[in-house]
Amino acid sequence: MSVHPSAVVAPTARLGRDVEIGPLAVVEDDTTVGDRCLIRSHAVIRRFTTLGSDNRVHEGAVLGGEPQDVSFGGQQTRLLIGDRNLIREGVTIHRSTKPGGATVVGSDCFLMAYAHVAHDGCIADRVIIANNVALAGHVEVGERAFLGGGVGVHQFCRVGRLAMVGGNAKVVQDCLPFVITDGHPARARGLNVVGLRRAGYGAAQLRTLHEAYRLLLRSGLHREPALEKLEALADPLVDELVGFVRGSKRGFAHAARDASAQ
């Protein structure tokens, strides 16, 4: 373990093996920092925060800050972060506002400089969040989603698995899995073909998802008849899309009117 003499590490902080803590970093009481984590200068790990192993926290990041919620009364809530995450300069992630609750970040995520994850968010594994993204409270982001720079996401919205959200998009409804969503307000623009191919999905699966996209967003069918046609495709990825739509509470981003069928 290597702790710079100017760092402030509370007596009750639990540090794993081979942890490195840089100059003027702060690790508060009731925290856990897993094996081989790197906490760079001026980063702050606030109380009730748990980091898994092999995380890299860059300069000026603040993890586990109190939620920006006027109803918050100072109760014990948590921030839970998995393994192998890269958290760049100035990132802020707030702990939950609910007693006993937790904000959760999975593993293998990349949060770029000055991104913000508000209270009670849930970020799945292998998510990329670019610079200056702002996620409001209770936002859920699915596995391997990509959010471009400057995206703003309204509270309680969901971003589906392998979704891509274009830079500076204004997200006020759920973003469908496997779909590119972009605009102001955000609208569905087509399949995230590049992301799907990188995830290992082949031509046959892409063709089926293209048909599902057409039926749901370009056919003019009402929601339930469209979902019934999607279910008839009997495809696991399409079933995931159907489940996401049926689970939506805020509605989902529909296709832009000027978008061509994709």
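Helix 1 (residues 193-198) contributes the most to the lining of the largest pocket, with three residues. Helices (H or I, at least four residues) and strands (E, at least two) are DSSP runs, numbered from the N terminus. The model is predicted: local features need pLDDT of at least 70, side-chain atom pairs count only at pLDDT 80 or more, and totals for chains, interfaces and linings use all residues. Residues are numbered from 1 along each chain as its sequence is written, and side-chain values use heavy atoms, with hydrogens and water left out.

**Pocket and cavity**

- On a 1 Å grid over the protein atoms alone, a cavity is a set of points where a 1.4 Å probe fits but cannot get out, and a pocket is an open set with protein on both sides within 12 Å along at least five of seven lines; lining residues have an atom within 4 Å of a point.
- The largest pocket holds about 420 Å³ of space, where a volume is the space filled by probe spheres set on the points, and grid points are joined across faces, edges and corners.
- This pocket is lined by 23 residues, of which Arg126, Ile128, Arg144, Phe146 and Arg198 are the closest to its centre.
- One cavity of 30 Å³ or more is present in the structure, and the volume of the largest cavity is about 30 Å³.
- Pro177, Phe178, Val179, Leu191, Leu209, Tyr213, Leu216, Leu217 and Leu241 line the largest cavity.
- Helix 2 (residues 203-218) gives the most to that lining, with four residues.

- Eight strands form an open sheet with parallel pairing, in the order 3-6-9-12-15-18-21-24; two strands pair if DSSP finds at least two bridges between them.
- At the edges of this sheet are strand 3 (14-15) and strand 24 (158-159), each pairing on one side only.
- An open sheet of 11 strands shows mixed pairing and has the order 1-4-7-10-13-16-19-22-25-27-28.
- Its edge strands are strand 1 (2-3) and strand 28 (186-191), and each of them pairs on one side only.
- Strand 1 runs parallel to strand 4 (residues 20-21), with two bridges between them, and Val3 stands opposite Ile21 in strand 4.

**Two buried loop residues**

- Ala61 sits in the loop between strand 10 (56-57) and strand 11 (62-65).
- Ala61 counts as buried because its relative accessibility is 0%; buried means under 20% relative accessible area, exposed over 50%, and partly exposed in between (1.4 Å probe, protein chains only).
- Leaving aside residues up to four places away in sequence, Ala61 touches His42, Ala43, Val44, Ile87, Arg88, Gly90 and Val91, a contact being heavy atoms within 4.5 Å.
- Ala61 and Ala43 are 18 residues apart along the chain, and their C-alpha atoms are separated by 4.8 Å.
- Ser107 is placed in the loop between strand 15 and strand 16 (110-111), and at 13% relative accessibility Ser107 counts as buried.
- Beyond four places in sequence, Ser107 touches Gly82, Asp83, Arg84, Asn85, Asp125 and Arg126.

**A charge over a ring**

- Arg158 lies over the face of Phe244, at 3.9 Å from the ring centre; a charge sits over a ring if NZ of Lys or CZ of Arg is within 6 Å of the ring centre and within 35 degrees of the ring normal.
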